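Please read them with the structure open.

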Amino acid sequence: GKLLILDCVVVIELPGVIHVTRNRFYKVQTTRSWDYLGLSSTSLSNLLNKSKMGNGVIIGLLDTAGIWPELEVFNDENLGPIPSRWRGVCESGEHFDGAKACNRKLIGARYFISGLEAEYGQPYNTSENDDYMSPRDSSGHGTHTSSIAGGSFVANASYDGLGLGTVRGGAPGAHLAMYKVCWRLYGGVCADADVLKAFDEAINDGVDVLSVSLAADIPLYSEVDRRGSIPIGSFHAVAKGITVVCAAGNAGPRAETVQNTAPWILTVAASTVDRSFPTPITLGNNQTIIVSNKTLTGQRKWLDRIRTNSYKYQFQGQAMFTGEDTVSAALVYPEVSDLMPPRNCESLSSNDDWMAGKIVLCFASDYNQSLLNDAILSVKAAGGLGVIVSRSPSNYYPYAMNFPCLQVTYETGTQILYYIRSTSNPQVRLSPSRTHIGKPVSTNVAYFSSRGPSSNVPAILKPDIAAPGVQILAAIPPFDETTTGAFAFLSGTSMATPHVSGIVALLKSLYPDWSPAAIKSAIITTEGEPPKLADPFDFGGGIVNPNSAADPGLVYDMNTENYVHYLCAMGYNNSDISQLTEHPVVCPSKQPSILDVNLPSITIPNLKKPTILTRTVTNVGPVNSKYKASVEFASGINVAVRPETLIFSSRTKTISFSVMISSAHNVNAGYYFGSLTWTDGVHVVRSPISVRTEVGESFF
């Protein structure tokens, strides 16, 4: 069935009511990462320990399915007192006793369902939807994201032996507050009215950071459209000094799919970490040797040796195949006539009885994770013992299930297929996965992570930053049958978002007076090493670098007045802007340039002539500092900065500069990328630049 968006009843002149709007629905955007980011708990000099692990900061989470408070990861041992400014509550409900559920770690929990029930037209049935009418988690998503952002230390955590280590949140000294806004109706929905109400309550409760692992579907509403609760709610939060961190969405790798694009939001893409789970695939029956393209030349030689059963040949796949037992069986591939289209993985069906008792090799045709998941389950339902999925390595997606599902490259898959076609009785053995950390595993932007440019405001770079969001081990409720204990690997920008929220909490603890814009600037301009073969529309400023963000040198600061400048530059009318800001606004008669919004990035989607824009930086480093500008850009794009040197002192803390950008290209093309960097010899303040030349009329 479908949910119908109904016209709401108009209510006027009610105390506290700013405006009434139609409802809308949002979707969820479904441990190595902290050490990988340089926040090891054993280091005394990193941001984690300088900030006392986020002591005293309150992280609010607007999430899908609540929280499971009894888990060890939410214990309050050695935690400080609840801040006196906290005004929130621990709301009781179904299987959730507020008097017992909260402590000094989880200091608040609420749930919001009135908006959903108003649209649905009847009470929500928790029994039919396997849910709880309370802040209790019903799916694991909210518990997982909460433990990533601010969970306590739990030793010897793993997924059935994989990823063994200590699990904790980014700010283990911080307090948590859960705002459950999503429900398991028709696969999971979050009503617009409930999301907006949750923002309002979180602001009044006194949170310092809001972590929002939600995103609306494309097309996006404008920031002043009353149907957009996330841009409206986040605007009011940021106006109160609360940093709002949101998921970029999981609609990648297509361009213009990034969500949560308002400039006051810190939008997070998902990246991998330097961890993999290699899983041996052994062909043949006897002696085992490892083969690669370098050790044996020519396919005929090694195929002949397997065919005569004088050797086994072993390849490495990627999987989360746990346990100690291997799986050995006949190896099959769905051969078809040349007159028929090939049977790819997505075409496999539970009716394919030829898969029973065998291990299946298949080739994925495209990235459609849902179809591929269904195909893997079909192999299991048909009685298959395992599946080897051949696909592009950039498309690898973790399968944490109690069924052997291995992923290999197209090259390796082709070599295995050659073996199948070379013998009448192909055999294979799948061995359990192991955990590998460090080189040569490289970091990449996740294939599913939504990409820029922004579809509604292409002059605003989105996403802002990337953080670990692939195969993240964190806590879940113990009822989940796909896990051992209370930990699971999950992937998505939903997992990347609380990584950044935890880092924001550390920065807020260290610099309580920094504005949300200053924190955002520090994170964007102090990137770690950018992923290879990616650009700012994939990762914004790059992979988040928390220790550098703690000492950024310069920041591009903004306040509500700057955001009003942006709204006027967008051409919104005074009435709509006033409705959003909740105070009268009159835009200047001459429309401001959106290029002058003081962001820590520069994006020009239609450069037709030499363009001059301005930026202002604030010194947050040594009082007496001298910064020099340097520019990197692709050939044909010219960037000039004036002045080229910035000198700060006790009297001069803020300096404005201009940037002139021109193009030598005489054809319409895609974007060119570069950067503007200010450095004093110690600090490196890098702003990504994206420019697209437009000559005459553009047809795309």
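1. The model is predicted, with local features requiring pLDDT of at least 70 and side-chain atom pairs pLDDT 80 or more, while totals for chains, interfaces and linings use all residues. Residues are numbered from 1 along each chain as its sequence is written, and side-chain values use heavy atoms, leaving out hydrogens and water.

2. Ile661, Trp264 and Trp678 have the most contacts inside the largest nonpolar core, which has 73 residues. Such a core is a set of buried Ala, Val, Leu, Ile, Met, Phe, Trp, Tyr and Cys residues joined through side-chain atoms within 4.5 Å; buried means under 20% relative accessible area, exposed over 50%, and partly exposed in between, with a 1.4 Å probe and protein chains only. Helix α15 (residues 560-569) supplies the largest share of this core, 6 residues. Helices (H or I, at least four residues) and strands (E, at least two) are DSSP runs, numbered from the N terminus. Because domain 1 (33-273 + 444-552) and domain 3 (598-693) both give residues to this core, it lies between them; the domain bounds come from an automatic or database domain assignment.

3. Helices α6 (residues 192-205) and α7 (residues 229-239) have axes that come within 9 Å and cross at roughly 10°. The two are therefore roughly parallel to each other (angles under 35 degrees). Axes here are lines fitted to C-alpha atoms over the stretch in contact, and angles run from 0 to 180 degrees between N-to-C directions. On the α6 side the contact includes Val195, Leu196 and Phe199, and on the α7 side Ile230, Ile232 and Ala237 are among the residues involved.

4. Two cis peptide bonds deserve a look. One runs from Ile218 to Pro219, with omega near 5°, and Pro219 lies in the loop between β10 (214-215) and α7. Another joins Arg642 and Pro643, with omega about -5°; Pro643 sits in the loop between β30 (637-642) and β31 (645-648).

5. Lys52 has a positive phi, near 55°, in the loop between α2 (47-50) and β2 (58-63), and is exposed at 63% relative accessible area. His95 also has phi near 55°; His95 lies in the loop between β2 and α3 (98-101) and counts as exposed at 57%.

Methods:
Parallel < 35°, antiparallel > 145°, perpendicular 65-115°, else oblique. Contact = heavy atoms within 4.5 Å.
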